[in-house]
Amino acid sequence: MLRSFPPLPRPRVRLALHKYSTSSTCNQLSPQHAIYVSNSVNPYFNLSLEDWLFRHKNHQEPLLLLYRNTPCVVIGRNQNPWKEVNMSALKARNIPFIRRRSGGGTVYHDLGNTNYSIHLPRASFDRHETAELVRRAISTLGIDVRVNDRNDICVGSEKIRVPGPMCVPAANECFRLYVSGSAYKIVHQRAYHHGTMLISTRLDTLGALLRADKDTMVTKGVDSVRSPVCNLRQFSSTINHETFVDAVIKEFRKEYDIRETVQYVDNGEGVDDIEYIRNGMTELLSWDWAFGQTPEFTYTLKKTLPWGTVTAEIRSKHGVILSAAFAGEGDVSQETLEQLGRRLEGQKYGFVDADIVRDITEQDNRYRDIWDFLSSSMDTYSYRP
Amino acid sequence: MLGLQGRLQLLRGRPSRASLFHTSSTAWASRKVLQKFKLADIGEGITECEVIKWNVKPPGVVQAFDQLCEVQSDKASVEITSPFDGVVKELLVQEGEVAKVGEGLCLIEVDEDSLDENAKKFTEPASPPLHQEQEAVQRKAFETRSEQPPSAPTPAQEPHSSRKRRPHPLDPNHPPDASTILESFSKNVLAKPAVRHLARELGVDLNKLAPGSGRDGRIEKEDLERYLAGGRKEESTTSTASAHQPQSSADVVVELGRTRYGMWKAMEKSLQIPHFGYSTTLDITNLHHILPLLNTCIPPHYLPDPPPSPYQAINPSAVHPAPSPPPVPASRQFSKLTYLPLFLKTLSKAMHEWPLFRASITPRAAGDTAKPTLTVRPYADISVALSTPTGLYTPTIQRVDTHSVFSLAAELKHLSHLGRQTPCGLTPAEMPRRGGTITVSNVGAIGAGDFASPVLVPGGGVAIVALGRAKWVWDVDRGDGKGERRLKIGVSWSADHRVVEGAELAAFVECWRAYVEMPERLIGEAV
């Protein structure tokens with residue numbers, strides 16, 4: 001890089017300008033550094049750390065955070081978890097799902113997946129530029145990846161084309177497999193682009209967890225765009241979490257001219273007592289956030305039972321059942337069905353206590369069958385760490 | 001008598017209206033107006049967003065920069081903040097609904113005098129300003145505001161204590177004042193985040209540098225450095241001798257620019273082609289004599305300032321409109337013809353006779369083991385090497401044989417005009433994937449070279465010719481042995497020996513020479 005003048009002094013960490021209310025400041029982690037690598041693999045911690053850094057860093061300066069999580073599914077801010085995630089597969093593997101604060105779709109994290117998060121002032125934020133930064137980092141590791149027009153990073157065999165002499169490069173050719181998904185958050189004066197990077201993730205688990213097969217659930221929120229994925233490890237035997245992290249840090253340093261050392265964040269004193277992060281972790285675990293932020297959806301069910309068929313249409317908003325309309329064909333009382341429906345109103349979808357409908361289900365096998373079918377369709381999984 | 005409300009106004013830095021404070025509506029001077037707060041352009045080509053959550057429900061008091069709602073678009077979740085203090089009276093888009101950019105999000109009731117010009121750009125009056133009913137509403141609003149506990153400063157750094165009216169950052173016409181110039185640049189100036197960061201560090205206003213040398217006028221690091229080096233160099237000349245020159249004596253590592261790197265890659269690929277060369281000298285004395293004649297009859301629509309029509313008293317269009325060619329844009333107009341259009345035209349004539357030089361190697365997949373084929377075109381497409389401030393390009397002129405010499409001159413003028421712009425104005429329209437079958441490089445325009453050995457690139461056709469500089473020489477072969485002064489130009493060919501034989505190239509060049517050295521035969525061929 002051509003430099004013909006000495007660099008001006010960069011403002012260092014301003015200890016006087018705390019944005020969080022704590023008493024002991026000496027060994028507490030500061031949000032004013034530029035490059036953070038989290039050594040924690042706790043997804044709740046990492047997402048809260050990301051948010052804390054996002055809200056507290058000087059909003060004119062760029063920041064990079066890299067982290068990876070133990071297996072979990074992360075859904076977008078405005079998504080429907082029941083539609084996006086296979087709850088029974090989650091339950092079987094004891095893997096949590098977490099709603100993050102940025103938009104976009106659903107992804108699967110495990111230790112073979114590294115997450116990057118680039119925070120910038122809102123005015124100079126450009127999705128394509130940040131995606132290009134990551135692309136350049138990967139290319140230094142010897143893998144040819146491309147950024148498509150949705151700013152996703154993809155890899156794979158390219159369509160054949162014969163380049164003309166010094167001609168303008170054509171738009172992205174057909175790269176077929178994705179290695180990264182991106183999402184963004186934009187607030188008053190700051191924005192971030194964060195994304196996943198599949199290095200050596202268990203793709204079979206990813207497939208199982210992200211296939212919910214709820215075609216009859218129509219939701220108002222954001223649907224994920226499903227794409228075929230592959231691991232970067234397929235293309236290079238030297239790529240792993242550490243080499244990827246180093247490559248991204250190097251590229252970030254180059255792009256924004258950062259000389260500071262990397263801050264490694266470990267769980268423990270000085271970090272775990274940051275109130276904002278603690279509150280954030282609690283919020284992520286709460287029902288109100290995880291399920292209560294679900295936009296409105298309608299779920300249509302139909303089941304043929306020995307004695308007839310029953311159809312149900314459940315409407316829910318913010319995780320609460322607004323209405324449940326049952327209709328039965330065959331030997332079943334419409335009135336009781338309506339009673340059942342009314343009983344469900346106001347209940348938390350997926351968390352309906354069987355006791356609430358016990359008197360109805362105990363009336364007759366048929367209603368118990370209906371209830372069993374209903375509760376298994378409304379399958380949900382609430383992770384308790 | 002200064003009431004509570006008047007004191008509050010003083011705190012907010014507004015002139016006191018204490019003397020006008022009355023319970024009767026007619027005396028109330030500060031009017032409330034209902035403003036429609038529109039969804040501003042979030043940027044990045046987003047045209048609509050879904051409202052995920054409202055943080056305030058009507059009637060809810062908001063202060064400037066309080067979070068109003070959260071919207072989602074594509075993969076981005078965006079927090080929208082309130083542009084001013086006021087009361088949210090009505091939500092125009094409910095949670096779960098989609099709002100289009102430019103559409104109203106909500107109605108906020110504000111003090112009329114607090115609306116400045118900037119605010120009016122992203123809000124508009126929702127309805128004719130209410131009058132008589134205002135008073136009760138106003139008092140209620142003031143009371144609720146006074147009951148509000150002073151809110152803690154938000155994580156943003158603005159000084160809230162003075163409650164100064166600041167233009168909302170979402171306002172695209174945010175006026176730059178001293179601090180904002182250094183802190184947040186207007187979106188109209190394009191620059192990579194790294195460049196903005198650097199500029200901010202160095203206290204450079206990017207607006208002064210716009211447009212830059214990058215794509216779409218982006219300001220690049222080199223523009224910043226050039227801007228600063230310019231200032232620095234001036235300082236160093238006036239300072240004492242002990243001051244160092246900005247240019248260090250150590251090695252400097254420079255990255256290849258995009259076009260130069262493109263040239264690098266293309267040239268590496270050119271190693272696949274077995275080149276052979278062939279050079280000769282063309283006698284362009286006859287062309288030289290024709291040129292001034294042609295210059296006098298350049299069709300008027302190609303001339304930047306055409307002479308007055310020769311028809312003063314009489315009009316060819318009297319009976320029927322005479323054909324008038326379409327107007328030609330300024331970039332295509334020229335006032336003097338050069339040799340290059342004549343070379344191209346004569347070359348196209350030779351290409352017409354020689355299908356081999358109208359052929360290109362059919363593109364095929366790497367690893368395809370079938371026999372290679374040639375694709376012969378009915379027309380002569382010639383690429384021209386263009387050296388521009390941003391790099392070397394080879395745009396193509398299609399169907400040269402259908403062009404007249406004048407329209408070729410116009411085309412060349414247009415290409416060099418596009419090429420000379422920074423960033424380069426050449427597009428895939430001028431540089432199509434299917435380039436010319438012959439490339440012409442007029443390197444003689446740069447230096448007094450005689451011969452060169454040009455390099456072919458894959459996809460660049462079967463042959464390339466470099467034209468040297470024309471020079472007057474004494475030709476001893478002419479003038480019955482006495483010799484004659486002739487204008488000669490060196491031409492150097494390189495061809496792809498996989499498909500072109502040496503003898504074929506030599507014969508083709510002789511065919512071309514026959515046109516170049518006797519251009520009058522073009523009259524017979526009536527084109």
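# Notebook: salt bridges, rings, strands and surface

I began with A:Arg55, which is partly exposed because its relative accessible area is 23%. Here buried means under 20% relative accessible area, exposed means over 50%, and partly exposed lies in between (1.4 Å probe, protein chains only).

The model is predicted, so local features need pLDDT of at least 70 and side-chain atom pairs count only at pLDDT 80 or more, while totals for chains, interfaces and linings use all residues. Residues are numbered from 1 along each chain as its sequence is written, chains are lettered from A and ligands numbered from 1 in the order in which they are written, and side-chain values use heavy atoms, with hydrogens and water left out.

**Entry: salt bridges**

I searched for salt bridges (a side-chain nitrogen of Lys or Arg within 4 Å of a carboxyl oxygen of Asp or Glu). How many are there over all chains? The whole structure holds 40 salt bridges.

I looked up the partner of A:Arg55. A:Arg55 meets B:Glu79 in a salt bridge, at 2.6 Å from N to O. This pair crosses between chains: B:Glu79 is in strand β5 (residues 76–81) of chain B, and A:Arg55 is in helix α1 (residues 43–56) of chain A. Helices (H or I, at least four residues) and strands (E, at least two) are DSSP runs, numbered from the N terminus. B:Glu79 counts as buried, because its relative accessibility is 8%.

I then took A:Lys185. A:Lys185 bridges to B:Glu70, with the closest N and O atoms 3.4 Å apart. Again the pair crosses between chains, from strand β10 (residues 182–186) of chain A to strand β4 (residues 67–73) of chain B. Is A:Lys185 buried or exposed? A:Lys185 is buried, at 2% relative accessibility. B:Glu70 is buried as well, at 6%.

I also checked a bridge in chain B. B:Arg498 and B:Asp496 meet at 2.9 Å, N to O. B:Arg498 is partly exposed at 47% relative accessibility, whereas B:Asp496 is buried at 1%.

Which residues do shared partners join into one network? The network holds A:Asp51, A:Arg55, A:Arg77, A:Arg101, A:Lys185, A:Glu283, B:Glu70 and B:Glu79.

**Entry: charges over rings**

I looked for charges over rings (NZ of Lys or CZ of Arg within 6 Å of the ring centre and within 35 degrees of the ring normal). A:Arg101 lies over the face of A:Trp289, 5.1 Å from the ring centre. A:Arg127 has its charged end over the ring of A:Tyr184, at 4.2 Å from the centre.

**Entry: aromatic pairs**

I counted ring pairs next. Rings of Phe, Tyr and Trp (its six-membered ring) pair if their centres lie within 6.5 Å; planes under 30 degrees apart are stacked, over 60 edge-to-face, and the rest tilted. Over all chains there are 18 aromatic pairs. In one of them, B:Trp493 and B:Phe508 have centres 5.7 Å apart and planes at 85°, so the pair is edge-to-face. B:Trp493 lies in strand β20 (residues 484–496) and B:Phe508 in helix α12 (residues 502–516) of chain B, so the pair ties together parts 15 residues apart in sequence. Both B:Trp493 and B:Phe508 are buried. Ring pairs also link B:Tyr339, B:Phe343, B:Trp354, B:Phe357, B:Trp493, B:Phe508 and B:Trp512 into a cluster.

**Entry: strands of chain A**

I checked strand pairing, which needs at least two DSSP bridges between two strands. Strands β15 (residues 308–317) and β16 (residues 320–330) of chain A pair antiparallel over 10 bridges. A:Thr311 faces A:Ala327 of β16(A) across this pairing. The two strands form a hairpin with 2 residues between them, and A:His318 in the turn has a positive phi of about 55°.

I also found an open sheet of 3 strands in chain A, in the order β7-β8-β9, with antiparallel pairing. Which strands are at the edges? They are β7 (146–147) and β9 (177–180), each pairing on one side only. β7(A) pairs with strand β8 (residues 153–155) over 2 bridges. There A:Arg146 stands opposite A:Cys154.

I looked at a nonpolar patch. B:Leu256, B:Tyr261 and B:Trp264 make a surface patch of about 330 Å². Patch residues have over 30% relative accessible area and no salt bridge; like charges are joined within 9 Å, nonpolar side chains (Val, Leu, Ile, Met, Phe, Trp, Tyr) within 5 Å. Areas come from the Shrake-Rupley method with a 1.4 Å probe; for residues, only the protein chains shown count as cover. B:Leu256 sits in the loop between α7 (221–238) and α8 (258–270) of chain B, and is partly exposed at 42%.

Last, I took A:Asp246, in helix α6 (residues 241–256) of chain A. A:Asp246 is partly exposed at 48%. A:Asp246 and A:Ala137 are 109 residues apart in sequence but 8.7 Å apart in space, C-alpha to C-alpha.
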